[in-house]
Amino acid sequence: MSQVTLHSRAARLIGLGGVLAALAGCATGPDAHPRDPLEPFNRGVYQFNEAVDRAVLKPVAEGYVAAVPSPVRTGVGNFFGNLRDLWSAVNAALQARPQPAVENAMRFGVNTLLGFGGVIDLATEMSIPRTTLDFGHTLGRWGVPSGPYLVLPLLGPSSVREAVALPVDRRADPVSQGIDDVATRNTAQTLRLVDTRATLLRAGDLLEQAALDKYGFTRDAYLARRQSQVDAARGDDD
């Protein structure tokens with residue numbers, strides 16, 4: 001594997017994507033989805049992501065599932081989920097939402113101290129709820145509009161708001177920013193990516209069988225879920 005990390009490649013592609021997105025705006029027509037005016041560009045990036053997934057990510061994830069016992073995979077997922085809980089607690093605080101801030105902080109503390117660094121998810125067994133949040137949610141909480149739907153190279157469904165928030169999320173990522181050794185950092189990021197893709201194998205198979213237009217289905221599901229999360233952050237939806 002190249003010493004250039006996936007996130008570094010993605011950052012360059014996202015920059016290129018911004019230029020292409022501006023050019024793609026002139027390709028939209030009167031029948032464009034109201035929240036997807038960049039659909040011609042987005043579909044092209046979507047097809048690129050699908051090709052990368054078919055050629056690399058999905059086969060590696062399938063091999064990971066076949067080779068690694070389920071309890072180990074669960075521990076890996078728990079570890080990375082525990083790191084997300086800390087950033088979720090910070091964002092809940094930035095959103096002036098004390099309950100999810102305290103809950104996510106408690107989850108991180110319990111799992112880190114008693115769950116072997118988060119490998120064992122004791123917090124869930126203790127019924128401490130998880131509210132996964134990022135800086136895009138925080139911007140939405142304070143009224144920043146999502147802007148057009150945007151498919152990012154390698155990273156998938158997003159929006160202009162979430163793309164703008166990505167550098168902040170990256171700076172707060174303890175994996176990409178907190179590990180000095182390049183080889184260790186690359187290994188950790190690759191493991192997280194593969195583990196995440198492995199958890200989506202069944203959902204991907206179901207999507208293949210059920211959706212006539214996978215792009216449209218994925219877009220609508222992403223936008224609905226993201227809007228629901230932002231509404232909850234604003235207190236508009238319990």
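Predicted model: local features only at pLDDT ≥ 70, side-chain atom pairs only at ≥ 80, totals over all residues.
Visitor: In what order do the elements of the protein run?
Guide: There are eleven helices and two strands. These are DSSP runs numbered from the N terminus: H or I of at least four residues for helices, E of at least two for strands. From the N terminus on, the order is α-α-α-α-α-α-β-β-α-α-α-α-α.

Visitor: Which element gives the most to the largest nonpolar core?
Guide: That core has twelve residues, including F41, V45, Y46, V151 and Y215. A core here is a set of buried Ala, Val, Leu, Ile, Met, Phe, Trp, Tyr and Cys residues joined through side-chain atoms within 4.5 Å. Two or more residues come from each of α2 (39–67), β1 (149–152) and α11 (214–234). With four residues, the top contributor is β1.

Visitor: Which residues is Y46 in contact with, leaving aside neighbours within four places in sequence?
Guide: Y46 is itself one of the twelve core residues, and contact means heavy atoms within 4.5 Å. Its partners are V151, K214, Y215 and T218.

Visitor: About how much space lies in the largest cavity?
Guide: The count comes to one cavity of 30 Å³ or more. On a 1 Å grid over the protein atoms alone, a cavity is a set of points where a 1.4 Å probe fits but cannot get out, and lining residues have an atom within 4 Å of a point. Points are joined across faces, edges and corners, and the volume is the space filled by probe spheres set on them. That gives about 40 Å³.

Visitor: Is S159 buried or exposed?
Guide: S159 lies in strand β2 and lines the largest cavity. Beyond four places in sequence, it touches S146, G147, P148, Y149, L150 and Y222. Buried means under 20% relative accessible area, exposed over 50%, partly exposed in between (1.4 Å probe, protein chains only). Because its relative accessibility is 2%, S159 counts as buried.

Visitor: Where is L154, a residue with a positive phi?
Guide: Most residues other than glycine have a negative phi. L154 has one of about 70 degrees, and at 25% relative accessibility it counts as partly exposed. Its place is in the loop between β1 and β2.

Visitor: What is the phi of A96?
Guide: A96 sits in the loop between α3 (70–94) and α4 (98–114). It is partly exposed, with a relative accessible area of 48%. Although A96 is not a glycine, its phi is positive, at about 60 degrees.

Conventions: Residues numbered from 1 in each chain as written. Heavy atoms only, no water. 1 Å grid on protein atoms, 1.4 Å probe; cavity = no way out; pocket = protein on both sides within 12 Å on 5 of 7 lines; lining within 4 Å.
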